[in-house]
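Work through the exercises below with the structure in view. Try each task before you read its solution.

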Amino acid sequence: MRPDPLYARYPFFRAARAAVQRADISPPQLVTEGDPAVERARERVERALMSGTIASETPGRWSDRDELLSYPIARILVSLVDVRAAVEKYAEAEAATAFERLTDDLTAEDDELRSVATPRADLATVLDEFDLGAAVTRVDDDRNRPHFRVDVTAYLRLADPDWGADWRLVNRDLLDGEVSVDGAELRRLLREAVRRRVAEGLPFGVRGSTDGDAIADALDDDVAALRDRLAERERLPSVDTVAPAQFPPCMQALLGDETETEDGTLPPHAAFAATAFLVSLGLDADAIAERWPVLDDDALSYRTTVLADRGGSQYPAPSCATMQTFGDCVNPDARCETIDHPLRYYASAVADAETNADAD
């Protein structure tokens, strides 16, 4: 099977699913024979649950075939884990990664678009994929800057008022049944369309047939490991003190503007790590934006919404291992040698500072 490389980037496309069906690939055979796509699927889900992305830590290791086939197997794994939070986190992570890829594709320069190294989706294809082709119209202003008019029905179907007051219809430019949005806002709406498609039908029953039982039995160890990873989140320390002087070196570096991009914000992986860390301390979008402007981009409000739930942090800040993978682990000190997570570093540092203060 040699899939279209675009399907490896966007495996939730209907055409990608059809390609898998046409290839007549047997999931039981893939799973029981230990196909590489199974290992990639486990990584896909684990990264979704723990780091809010499905992007591989070793992208060069996987073929387009592995990437494409890992998606349906990942859905099986999430269904077998059978925890509602896992479904929500997985769907959000798929959507977050798709959002980053769509942003890259739709804002690429001409030279990048001509490159064959990375297959890119165009806006018309993505809109048609989610039946939005007739609902979205591009309009160029006097400076040839594009914005879009979205049919109000489609807008209301996808936009969530919890994203912030700016998304409420009463605060939007509504004309002739269409809502005006800019490019970033349109991609936000498409991100939500992806999330809903991924979440649709999850979890589903796997056991109950010969093939289903064989798949479930073969994935028992993977499912147990994923459940353990979910449980790790509950074991992370809870600290509601905000003391930047005690932040671990990695967070001090990120929040000290050392890794800014040209537009003055952080790369997506760094912004996620820093925001997740701050949300776990009980901070909301307004408090974060006021104190750390480097995180105040168009996605901050949305990031904090999906990072926080009634139980606290929906995603923990990435572990030290993940920070190292992305090059965000910098200036490690002696305390770093004894811990494996930024929150554990912070809890330890705060406790020591309080002990020293009491001693004085």
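This is a predicted model: local features need pLDDT of at least 70, side-chain atom pairs count only at pLDDT 80 or more; totals for chains, interfaces and linings use all residues.

**Exercise 1. Describe a helix pair**

Task: How do H5 and H6 run relative to each other, roughly parallel or roughly antiparallel?

Solution: 
- Step 1. Packed helices are described by the angle between their axes and the distance between the axes.
- Step 2. Read them off. Helix H5 (residues 64-81) packs with H6 at an angle of about 155°, and the axes are 9 Å apart.
- Step 3. Apply the cut-off. Angles over 145 degrees count as roughly antiparallel. H5 and H6 are therefore roughly antiparallel.
- Step 4. Name the residues that meet. H5 brings Tyr-71, Ala-74, Arg-75, Val-78 and Val-81, while H6 brings Ala-86, Val-87, Tyr-90 and Glu-94.
- Step 5. Sort them. This contact has 7 nonpolar residues, 2 charged ones and no polar ones.

**Exercise 2. Classify aromatic pairs**

Task: The structure holds 10 aromatic pairs. Classify the pair Trp-163 and Trp-167, then the pair Phe-247 and Tyr-346.

Solution: 
- Step 1. Start with Trp-163 and Trp-167. Their ring centres are 4.8 Å apart and their planes stand at 85°, so the pair is edge-to-face. Both Trp-163 and Trp-167 are buried.
- Step 2. Turn to Phe-247 and Tyr-346. The centres lie 5.3 Å apart, with 70° between the planes: edge-to-face.
- Step 3. Trace the chain. Phe-247 lies in the loop between helix H12 (220-235) and helix H13 (249-255), and Tyr-346 lies in helix H18 (residues 342-359), so the pair ties together parts that are 99 residues apart in sequence.
- Step 4. Phe-247 is buried at 3% relative accessibility. Tyr-346 is buried at 0%.

**Exercise 3. Find charges over rings**

Task: Which ring lies under the charged end of Arg-188, and which under that of Arg-335?

Solution: 
- Step 1. The charged end of Arg-188 sits over the ring of Trp-163, 5.5 Å from the ring centre.
- Step 2. For Arg-335, the ring is that of Tyr-345, with the charged end 5.4 Å from the centre.

Methods: Residues are numbered from 1 along each chain as its sequence is written. Side-chain values use heavy atoms; hydrogens and water are left out. Rings of Phe, Tyr and Trp (its six-membered ring) pair if their centres lie within 6.5 Å; planes under 30 degrees apart count as stacked, over 60 as edge-to-face and the rest as tilted. Buried means under 20% relative accessible area, exposed over 50%, partly exposed in between (1.4 Å probe, protein chains only). Helices (H or I, at least four residues) and strands (E, at least two) are DSSP runs, numbered from the N terminus. A charge sits over a ring if NZ of Lys or CZ of Arg is within 6 Å of the ring centre and within 35 degrees of the ring normal. Axes are lines fitted to C-alpha atoms, for helices over the stretch in contact, and angles run from 0 to 180 degrees between N-to-C directions. Angles under 35 degrees count as roughly parallel, over 145 as roughly antiparallel, 65 to 115 as roughly perpendicular and the rest as oblique. Contact means heavy atoms within 4.5 Å. Ala, Val, Leu, Ile, Met, Phe, Trp, Tyr, Cys and Pro count as nonpolar, Asp, Glu, Lys and Arg as charged, and the others, Gly among them, as polar.
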